[in-house]
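Here is a colleague's note for someone opening this entry for the first time. Please keep the structure in view while reading the points.

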Amino acid sequence: MRVRSALSRVFLQEDLNFLLTNRIPRALVTRFFGWFGKIEQPVVRDLSIAVWRLFADVDLAEAEQAKFLSLHDCFIRKLKDGARPIDPDPALLTSPCDAIIGASGEIEGDQLIQAKGLTYTLLDLLRDPELVGLYRDGRYVTLRLTSSMYHRFHAPHECRVEQVTYVSGDTWNTNPITVKRVERLFCKNERAVVETKLAANGQSVTLVAVAAILVASIRMHCLDAPLNLKHSGPNVFPCDAVFQKGDELGWFEHGSTIIVFAPEGFTLCDNIRDGVRVRMGEPLMRLP
């Protein structure tokens with residue numbers, strides 16, 4: 001505990017944190033950790049998990065399994081049944097993941113907030129004028145996953161996934177220190193735009209899964225292939241996959257960010273405020 005506390009104090013120094021997690025060959029380091037984390041050798045596995053737990057407050061008590069094949073296997077762990085109760089209220093969208101709330105609220109025209117003093121546009125992020133029209137003046141919530149959190153993400157309501165668009169990009173860190181310094185960060189990073197249609201009212205809700213350094217791989221159950229830095233196939237994947245509220249949609253190979261978009265008329269729940277922790281299945285937005 002003392003070692004972790006000391007390491008935390010060092011890495012919370014903003015200039016040092018930014019230097020160590022961004023001013024390095026990001027794509028190369030990400031590919032290396034993608035390979036290293038999957039090594040299924042007991043000594044490598046145990047040491048790498050131990051080092052990870054020095055830097056992060058990892059709680060494995062809720063994990064479905066007690067033993068893991070590799071660091072990667074531990075990172076993308078499933079949880080025990082019932083560990084994340086899903087709010088059953090049909091009038092609510094629930095959080096698709098465990099996260100810390102970042103910027104959220106109303107979209108002003110096509111502009112939304114990344115961090116204080118920094119904005120970006122829907123078109124820069126979504127790359128689709130039709131989606132911009134859907135979410136103009138709508139609502140959004142930025143959900144930041146830390147490295148120690150549960151990294152699978154789930155359907156926020158009964159819905160149909162209609163299309164996934166993969167956008168290749170950079171691998172900037174998405175922690176608060178970097179989000180405050182790098183303009184249009186989410187628009188620069190690798191990401192998957194997941195378009196869904198709600199069964200309840202036919203309205204569209206879109207989830208944007210943003211990758212980051214050490215994290216550049218996103219898996220979706222409705223797609224056969226991983227979306228990562230090696231991807232060279234099509235960027236637009238038509239889908240026709242139905243999910244119940246709380247069903248698993250996919251997972252990050254490591255932690256990053258999900259931004260949830262809903263049209264005008266949706267309202268944020270009272271618990272959604274900057275800096276608040278939310279768990280998968282807890283209320284996020286109220287349907288009109």
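**Notes on the model**

1. Start with the charged pairs. The count of salt bridges comes to eight. Keep in mind that this is a predicted model.

2. Look at Arg45 and Asp46. These two form a salt bridge, with the closest N and O atoms 2.8 Å apart. Asp46 is partly exposed, at a relative accessible area of 43%. Arg45 also counts as partly exposed, at 22% relative accessibility. The cut-off for buried is under 20%, so Arg45 at 22% does not count as buried.

3. Next comes a pair that spans the chain. Arg279 and Glu62 form a salt bridge, and their closest N and O atoms are 3.0 Å apart. Arg279 sits in the loop between strand 16 and strand 17 (283–286), while Glu62 sits in the loop between helix 4 (42–55) and helix 5 (71–75), so the pair ties together parts that are 217 residues apart in sequence. Arg279 is partly exposed, with a relative accessibility of 36%.

4. A further pair links two strands. Arg160 and Asp240 meet through their side chains in a salt bridge, at 2.3 Å from N to O. Arg160 belongs to strand 7 (residues 159–167) and Asp240 to strand 12 (residues 236–243), so parts that are 80 residues apart in sequence are tied together. How do the two ends differ in cover? Arg160 is partly exposed at 35% relative accessibility, whereas Asp240 is exposed at 60%.

5. Now the overall fold. The protein chain has nine helices and 17 strands. It runs to 288 residues, of which 51% count as buried. Of the contacts between residues at least 6 apart in sequence, 76% join residues at least 24 apart. The chain exposes about 13500 Å², and carbon and sulfur atoms supply 53% of that area.

6. Strand 2 (residues 99–106) deserves a look. Six of its eight residues are buried, so the strand is mostly covered. Strand 2 pairs with strand 16 (residues 277–278) in the antiparallel sense, over two bridges. There, Ala99 has Val278 as its bridge partner. Strand 2 also pairs with strand 5 (residues 139–144), again antiparallel, over five bridges.

7. The largest nonpolar core has 43 residues, and Leu143 and Val164 have the most contacts inside it. A second, separate core has 23 residues, including Leu122, Tyr135, Val210 and Phe261.

8. Is Asn189 buried or exposed? Asn189 counts as buried, at 0% relative accessibility. This residue lies in the loop between helix 9 (185–188) and strand 8 (191–198). The Asn189 side chain reaches the backbone oxygen of Ala211 at 2.9 Å. Setting aside neighbours within four places in sequence, the contacts of Asn189 include Val167, Asp170, Trp172, Val210 and Ala212.

How values were computed: Residues numbered from 1 in each chain as written. Predicted model: local features only at pLDDT ≥ 70, side-chain atom pairs only at ≥ 80, totals over all residues. Heavy atoms only, no water. Helix = DSSP H or I, 4+ residues; strand = E, 2+ residues; numbered from the N terminus. Buried < 20%, exposed > 50% of the residue type's maximum accessible area, 1.4 Å probe, protein only. Contact = heavy atoms within 4.5 Å. Areas by Shrake-Rupley, 256 points an atom, 1.4 Å probe, with all protein chains shown as cover. Pairing = 2+ DSSP bridges. Polar contact = N/O pair within 3.5 Å; in protein donor to acceptor, adjacent residues only side chain to side chain. Core = buried A, V, L, I, M, F, W, Y, C linked by side-chain atoms within 4.5 Å. Salt bridge = Lys/Arg side-chain N within 4 Å of Asp/Glu carboxyl O.
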